[in-house]
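Thanks for coming. I have one structure to go through today, so please bring it up on your screens.

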Amino acid sequence: MRIRKVESKEKKEELIDDYITLGYRVVTEGEGTTKMKKTQYGGIGAHILIFIFTVWFTLGLANVAYAVYCYYTGDEVLMKISEG
């Protein structure tokens, strides 16, 4: 998890908007902190390769497992208003 420090609440709100446009979602939001996570399900190329090489014995479940793995290991950012 990365930590981004900002000077004010207004800067934090601007940064949140920027991250939302990049595909992040707000996980938790407190008065001085906001935790955001990027929602990903894996690349289409990787899914195609996994499907081609594993369809015979997993019937597509390997693709589901890969998507779940990518979702839970997505990038996280904690935004914090710096004090002082």
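Predicted model: local features only at pLDDT ≥ 70, side-chain atom pairs only at ≥ 80, totals over all residues.

Residues are numbered from 1 along each chain as its sequence is written, and side-chain values use heavy atoms, with hydrogens and water left out.

On confidence, pLDDT is the predictor's own score for each residue, from 0 to 100. The protein chain averages 92, and 99% of the residues score at least 70. Elements here are DSSP runs numbered from the N terminus: helices are H or I with at least four residues, strands E with at least two.

Now α3, residues 61-72. Its twelve residues reach 17 Å from first C-alpha to last, close to the 16 Å expected at 1.5 Å a residue; the expected span is 1.5 Å times one less than the number of residues. Which residues of α3 are buried? They are N63, A67 and C70, where buried means under 20% relative accessible area, exposed over 50%, and partly exposed in between, with a 1.4 Å probe and protein chains only. These three cover an arc of only 65° around the axis, which puts them on the same side of α3; the arc is taken from the directions from the helix axis to the C-beta atoms. L61, Y69 and Y72, on the other side, are exposed. The cover over the buried residues includes α2, 44-58.

Between α2 and α3 there is a loop that holds L59. L59 is not a glycine, yet has a positive phi of about 55°. Most residues other than glycine have a negative phi. At 72% relative accessibility, L59 counts as exposed.

Next, the largest nonpolar core: V6, L15, I16, Y19, Y24, M36, V77 and M79, eight residues. Such a core is a set of buried Ala, Val, Leu, Ile, Met, Phe, Trp, Tyr and Cys residues joined through side-chain atoms within 4.5 Å. The elements giving two or more residues are α1 (9-21) and β4 (76-81), and α1 gives the most, three. Leaving aside neighbours within four places in sequence, L15 is in contact, meaning heavy atoms within 4.5 Å, with R4, V6 and M79.

Last, β2 (24-29) and β3 (33-38) run antiparallel, joined by five bridges; strands pair if DSSP finds at least two bridges between them. They form a hairpin with three residues between them. Y24 has K38 as its bridge partner in β3.
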